[in-house]
Amino acid sequence: MIGIAALWISVLLVGGGVALDRVLADAITRNFDDGMNYVLTAMIAASEIGPDGEVLFNRELADQRFLEPNSGLYYQVSAKGHEDWRSRSLWDRAIKVPADHHDRHLHVYDSKQFPGEDLRIMERTVVLPGSNTRWMFIVGQAREGLNAQIRTLRTTLFQSFALLALGLFVLATLQTLYGLRPLRKVRLEIIRMRDGLKSRVTEPMPAEVLPMVEELNALLAHNERQAEEARTHAGNLAHALKTPLTVIMNAATAKAPDLGETVIREATTMRRQVDHHLARARAVGRRGAAQSRADVWASLTAVERAVARLYAHARVDMDGDKDAAVRVERQDLDEMLGNLVENAAKYGGGSVFATVQRAGDMIEILVEDDGTGIPPADRTRIFDRGVRLDSGKPGTGLGLAIVRDVAEIYGGTVTLEESEDLGGLLVRLKLPAA
């Protein structure tokens with residue numbers, strides 16, 4: 001940032017300095033030329049033709065430098081066939097005039113014809129009354145004074161712009177360092193958090209940095225929640241597996257005759273616990289993905305095809321908002337809908353109806369069946385792990401528990417009601433809209 005600012009300041013100052021130098025140098029040169037033009041006009045106005053056909057001044061020019069040899073200010077009147085009339089300041093020198101050269105208008109140019117003295121020359125061709133001769137009136141002045149003024153101007157400009165550039169460089173540097181100081185404060189806060197001295201960025205921050213700090217604190221809180229959930233899941237799983245393992249160990253130690261049945265029964269229990277906690281762990285791990293989004297209709301269609309192959313007697317109908325999308329990973333949405341639709345097809349009478357509708361900032365997915373339903377007294381208990389009201393059909397009793405846990409992880413809910421249309425169970429799944 002400092003380098004770019006310095007480069008841009010340099011470009012602007014160099015461009016502005018060159019432009020200003022040209023403008024002021026041209027102004028000084030025009031002022032110098034105006035003085036010479038005044039002298040040339042005075043010469044022409046005071047000129048007349050003498051008795052011998054030569055040019056004479058009817059009054060002396062006021063500037064005394066014309067009388068001092070090599071003074072730096074000269075005049076000369078020339079014409080073809082006539083002797084040059086020169087100022088005393090030229091002494092034994094003469095200003096060279098090209099042959100057959102005539103300037104009806106002012107002609108200004110620089111000349112180096114005098115060794116060691118650069119001249120600024122202004123000339124004009126005039127025909128005086130009483131004469132047909134074209135007289136060339138010439139005024140020359142040494143450029144030393146003009147060059148000195150331009151040098152002074154450029155020195156002043158260079159010093160002023162250099163000082164301005166230095167001030168702007170310092171200002172840009174201080175502004176950049178001061179503007180980025182909050183980021184250094186955030187870095188120090190992160191170092192303190194890494195060293196365990198604090199858990200959040202608590203230092204006051206400017207409004208420009210505050211949103212980043214808030215997002216950082218939110219990310220830290222999110223990671224802490226995930227870590228705490230992971231510890232909780234690990235503890236719950238360890239506690240859930242402890243009892244079946246103890247039963248197996250006791251049966252094996254006692255060499256119980258039903259050891260095989262005991263191992264199968266307790267292993268089934270452990271498998272249910274492992275499946276349940278793995279489903280929660282997967283959902284927690286995917287919840288923080290910023291791109292979490294799933295189309296409900298596409299997921300329902302895929303689930304309907306899978307259930308139709310498993311339960312040929314069941315018919316699944318769908319209706320509602322086909323464009324609805326939820327802030328849930330597609331794999332988790334498939335798992336929730338799969339459990340709900342499969343339960344409806346398994347325990348219902350063969351007719352399943354799924355409805356998708358919007359409810360504020362949530363998407364509701366209603367799954368109804370024409371089965372016997374669930375009594376109100378059991379609608380809360382059925383969400384417990386391993387609880388099954390119909391043990392005559394295969395299953396682990398984890399379907400609704402997994403749906404509830406995964407929905408809650410994403411900020412959703414699942415409730416059981418009675419279907420008014422089909423007479424069986426109605427499951428209302430609410431998930432945040434994408």
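D33, D110, R120 and R143 are joined up in a network of salt bridges (a salt bridge being a side-chain nitrogen of Lys or Arg within 4 Å of a carboxyl oxygen of Asp or Glu). The model is a predicted one, where local features need pLDDT of at least 70 and side-chain atom pairs count only at pLDDT 80 or more, while totals for chains, interfaces and linings use all residues. Residues are numbered from 1 along each chain as its sequence is written, and side-chain values use heavy atoms, with hydrogens and water left out.

R120 is buried, at 12% relative accessible area, whereas D110 is partly exposed, at 45%. Buried means under 20% relative accessible area, exposed over 50%, and partly exposed in between, using a 1.4 Å probe and protein chains only.

Altogether, the salt-bridge rule gives a count of 17. Among them is the pair K198 and E189, whose closest N and O atoms are 2.8 Å apart. E189 is buried, with a relative accessible area of 0%, while K198 is partly exposed, at 22%.

Another bridge links E266 with R265, with 3.4 Å between the closest N and O atoms. Here E266 counts as buried, at 10% relative accessibility, and R265 is partly exposed, with a relative accessible area of 45%.
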